[in-house]
Every structure is written in C-alpha cells, then in structure tokens.
Amino acid sequence: MVEFEACYTCRHRRIQCDRSGIPCMKCEKGGFECHQKRPIRWVKGVAIRGKMQGVSYSRLNIPAGDGQGLIKLRREGQRDLPAGLGDISMSSLDRVSKYYLDYYNDRICKLFIVYDSNQNPFRSLVSLAVKDPLLLSAVLALAARHRANEGRTFNGTEAPIPWMDNAQQDALVFKHQAIRALSQIVGDPESCRTDSTIASIFLLIFLDLVESGNDRWNAHLEGAKTLLALNKSLSQVNDPGRTVQEIRSFITKQIYLIETLGGTFVRPNLLSQFPAADEVELGPDTVEQSFLGCPEQLLNAVQFFSLQRDLASAGQGSDASIRNISFMMESVRSFDTHSWAANLPRSTRHATHNIATLAECYKLGALIYGQRVLDMLIDEDTSQEEVVQNLFATIEALKEDATLFKCILWPIFVAGLECRSSIEREFVTRSLERFWTVTLCLNTVNAGKILQSYWQTQNCTGNRPSNWVLDIGQLGEDWLLI
C-alpha cells in the first residue's frame with residue numbers, strides 16, 4: 001500500500017495528517033483545500049514585509065488595469081507575481097492581467113467544479129485564453145469580479161478594503177472588453193464558431209452568477225447553444241493537457257445542466273429547448289468533470305418537470321401529462337443515490353457517502369419541484385412536509401463540507417420556497433449565508449432577497465402559499481439560482 005507524505009495543510013493546521021491520499025480524508029472532511037506543498041499566497045497589501053507592507057494599490061493612486069503602474073509598484077516593493085501557471089507563456093501580458101489570470105487559476109477553477117483535479121476543464125481553458133483576446137477578457141472579468149466580491153457581505157454592506165474599488169473597476173473594464181470583442185465576432189461565421197468563442201460565452205454565464213444572477217445569462221446560454229448546434233465540428237485548436245473535443249463535451253454537458261436547473265425559476269418557455277438528453281453526448285457522470293454534481297438521471301427528470309410546467313401554463317396539460325409526471329416522480333423516488341455514488345468513475349478518491357448526500361439534495365429538490373408541477377395540473381396543494389424536512393436535514397449534513405456545499409444553491413432555494421415557519425426560514429437564510437461565504441457569488445444574496453420578499457407576501461395572505469412553481473418565474477426578472 002502506497003503511503004503518501006503528510007500534506008502541507010495538515011502540517012500548517014498542526015494536526016496529524018492521515019496520509020490517506022490526495023486529498024487526505026481530514027482535509028476533505030473539513031472542507032479544506034489539501035496542498036502537498038506550501039501554496040502561493042496573495043496578501044491584501046503590496047508586500048508581505050518591509051516598507052511596502054500593508055500598502056494597497058489604491059493608496060498608491062494606481063489606476064485600475066494600469067500595467068505600467070504595477071510594474072513601477074513591483075520595482076518599489078521588490079515582489080514578483082507568482083509563477084502559478086506553470087509553463088504557459090505570459091510574457092505579453094501586463095501585470096494586472098497576470099494577477100487575475102493567476103487568481104482564476106487558483107480560485108475560480110476550483111469554485112465551479114465539484115472536485116478540483118489536474119483534469120479540471122476550467123483550468124484547461126487558460127492555455128486557450130493566453131492566445132485569444134476574447135476568452136482572456138472573459139477569464140479576467142470573472143476573476144476580477146469575484147475578487148471584488150471579497151469586500152462585500154451577505155447582508156449587502158461593503159467592508160472598507162483598499163483594493164476593492166480597483167477590483168470593481170478592473171471587472172468592469174474586462175467585461176466591457178469581452179462584450180465588445182464578442183459583438184465584433186458574432187457577425188463573422190468563422191470566428192464566432194471557434195472553441196474559444198464558445199468557451200468565452202460559457203464563462204460569461206458564470207460571470208453573471210458572480211455579478212447578480214439576473215443579467216444576460218439566458219442570452220449567453222442561447223448563444224452558446226446556437227453555436228454548438230450550428231457546428232459540431234469546430235476548428236481544431238492545439239490544447240495541451242486536454243483535447244478540444246473533451247472541452248467541447250464538458251461545455252455541452254454543463255450547458256445542459258445550467259439550462260435544466262436555470263429554467264425552473266424563469267418565465268415559462270423563456271429558453272429554447274436543448275436537444276433531448278439522448279441526443280446529446282453527455283458521457284458518464286463524474287465529479288471531476290461536473291459543475292454541480294447533479295446525477296444525469298435527476299437532471300433529465302427536472303427537465304421533464306419544467307417542460308410539463310411550461311405546457312400546463314399554456315393550457316396544454318392533459319390526463320396523459322398527469323400520468324407521465326406521476327411515472328417520472330416514481331422514477332426519482334426509486335433513484336438510489338448511494339449506488340450512484342459508489343459506481344462513479346473517479347480518478348481521485350472521494351468519500352462516497354458525501355457524494356451520495358449531494359445527490360440526495362438534488363433528488364429531494366426534484367421530488368418537491370415535480371410535485372408542485374403535478375399540483376398545477378390537478379389543482380391541489382399536496383403536503384410535502386416529510387420530503388422538505390428530509391431536505392433540510394440533508395442540507396445540514398453538507399454544511400461542514402465546503403467543497404460539496406458550494407454545489408447546492410438550487411436545492412436550498414427549493415427548500416426556501418417550501419418554508420412554513422420562522423424556524424425553517426431562519427435555517428434557509430443561514431444556509432444561504434454559508435453558501436455566500438463559500439462561493440462569493442452574488443446570485444446567492446439575491447436568492448435571499450427573493451425568498452424574503454416571497455415569505456413576506458405569504459405572511460400578508462395568511463393562507464398556505466400559492467403554487468410557487470409558476471409564481472417564482474413571474475417576478476419580472478429571470479434568475480439563475482444554481
């Protein structure tokens with residue numbers, strides 16, 4: 001049996017590492033990132049020590065995105081940017097871009113994947129980004145916006161962090177560059193269908209999650225789907241470490257996931273229908289290649305429920321629809337999350353029980369959503385107290401596992417819509433605050449505001465809640481709450 005060296009994270013925490021693998025079980029259970037060596041560390045000031053310690057970019061009056069200013073700053077502080085991107089050539093990039101590219105590599109790549117690994121598809125995009133201005137701008141905008149969010153709180157206040165204004169301005173500049181470049185490319189039939197263009201649009205969807213959750217995500221989603229459908233044989237681009245086809249397959253699968261879960265809380269028929277699951281080459285479930293880790297079978301069920309909701313809202317419900325929804329509900333109930341987790345192909349060792357708990361969150365959320373769609377058709381208000389309580393317990397079970405907890409905003413929001421008491425609402429609010437702490441995505445803050453408004457409306461009526469499965473999509477904005 002191979003014995004691994006004690007990891008740096010455990011040594012730094014001054015606890016005994018179990019040396020069980022990479023990551024070790026103690027880091028995995030505690031939600032810590034398991035480093036084998038001392039990681040690169042960014043500080044809030046310009047330098048760790050010396051006369052520049054604690055001095056920020058803002059105090060030096062360096063304009064955001066000013067590469068020459070940062071070069072001057074580097075000379076004064078005698079601090080090189082870390083070589084966190086391995087062999088990728090960045091010689092042509094200014095220092096602001098290098099900083100955010102490294103931030104993306106270190107922070108963003110692991111945020112939008114269940115388990116980070118050396119096969120992380122988000123990290124594979126870096127080699128394309130340094131060669132493509134549009135993709136680079138999208139990457140930098142995403143990193144800068146997330147960095148700026150570190151100065152905010154779940155309750156909406158902003159901490160007086162000196163560099164926050166710089167990061168906010170950088171995020172706006174990079175986003176403007178990305179949108180401008182994209183608008184120029186979309187008119188070119190060849191350029192707009194490259195892998196880099198599709199990847200850029202894909203990242204702009206995640207930028208909306210970080211910014212608000214209700215900006216242009218649906219437009220970007222439709223654009224990505226159109227390009228994927230128009231040309232399945234995109235131009236070949238050399239991509240060291242991962243084939244272009246693998247990146248395309250990953251993006252296709254995540255687009256399907258985003259559309260499926262994102263479509264549940266928007267206006268009926270807002271999104272065009274993605275090809276049926278059996279027409280899309282999604283490949284096997286794997287936690288190293290998934291944004292949220294929701295099992296494909298459950299995604300297919302949620303997509304079916306959402307489609308039935310749209311049909312019912314247009315007056316096209318029928319007895320056959322009721323039977324089909326009931327059949328799908330039984331299929332979801334019989335889904336064995338533990339068996340699914342135990343049979344996942346995994347290149348690294350993960351706790352099967354925790355992954356099964358993640359899948360259970362989506363199973364219970366799907367059951368609740370499906371029942372409310374069925375209630376639309378049969379004009380009833382079925383009690384789901386037992387399922388909701390099970391979902392609360394499952395969410396609670398994942399709270400200490402930050403790696404998996406960052407994947408369950410959709411089930412948390414579904415649970416919030418079913419809250420009947422102040423205790424339940426307080427639990428959901430705390431869960432959202434925990435989710436914000438882990439992800440720093442502003443769609444989480446807006447999810448809390450939506451629920452507070454919805455709860456207030458229910459308090460005013462004094463009756464049991466109306467069927468939220470339609471109400472939540474008629475708030476005037478289309479929210480991406482995943």
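**Exercise 1. Which residue forms a salt bridge with arginine 248, and how far apart are the closest N and O atoms?**

Before starting, note that this is a predicted model: local features need pLDDT of at least 70, side-chain atom pairs count only at pLDDT 80 or more, and totals for chains, interfaces and linings use all residues. Residues are numbered from 1 along each chain as its sequence is written, and side-chain values use heavy atoms, with hydrogens and water left out.

*Solution.* 
- Step 1: apply the rule, in which a salt bridge is a side-chain nitrogen of Lys or Arg within 4 Å of a carboxyl oxygen of Asp or Glu.
- Step 2: the partner is aspartate 195, with the closest N and O atoms 2.6 Å apart.
- Step 3: Arginine 248 sits in helix α10 (residues 244-262) and aspartate 195 in helix α8 (residues 195-211), so the bridge links distant parts of the chain, 53 residues apart; helices (H or I, at least four residues) are DSSP runs, numbered from the N terminus.
- Step 4: check burial (under 20% relative accessible area is buried, over 50% exposed, in between partly exposed; 1.4 Å probe, protein chains only). Arginine 248 is buried at 8%, and aspartate 195 is buried at 6%.

**Exercise 2. Work out which residues are joined with Arg372 into one salt-bridge network.**

*Solution.* 
- Step 1: aspartate 381 meets arginine 372 at 3.3 Å, N to O. Aspartate 381 is partly exposed at 35%, whereas arginine 372 is buried at 3%.
- Step 2: arginine 420 and glutamate 418 form a salt bridge at 3.4 Å, N to O. Here arginine 420 is partly exposed at 31%, while glutamate 418 is buried at 4%.
- Step 3: shared partners join Arg372, Asp375, Asp381, Glu418 and Arg420 into one network.
- Step 4: for context, the salt-bridge count comes to 15.

**Exercise 3. Find where the pLDDT stays under 50.**

*Solution.* 
- Step 1: begin with the chain, which averages a pLDDT (the predictor's confidence in each residue, from 0 to 100) of 81, with 77% of the residues scoring at least 70.
- Step 2: residues 40-84 stay under 50, and the model has 67 contacts (heavy atoms within 4.5 Å) for them beyond four places in sequence.
- Step 3: residues 233-242 are also below 50, with 28 contacts beyond near neighbours in sequence.

**Exercise 4. How many disulfides does a search of the whole structure find?**

*Solution.* 
- Step 1: look for cysteine sulfur atoms within 2.5 Å of each other.
- Step 2: the search finds zero.
- Step 3: Cysteine 109 is buried at 0%, and cysteine 441 is buried at 4%.

Conventions: Helices (H or I, at least four residues) and strands (E, at least two) are DSSP runs, numbered from the N terminus.
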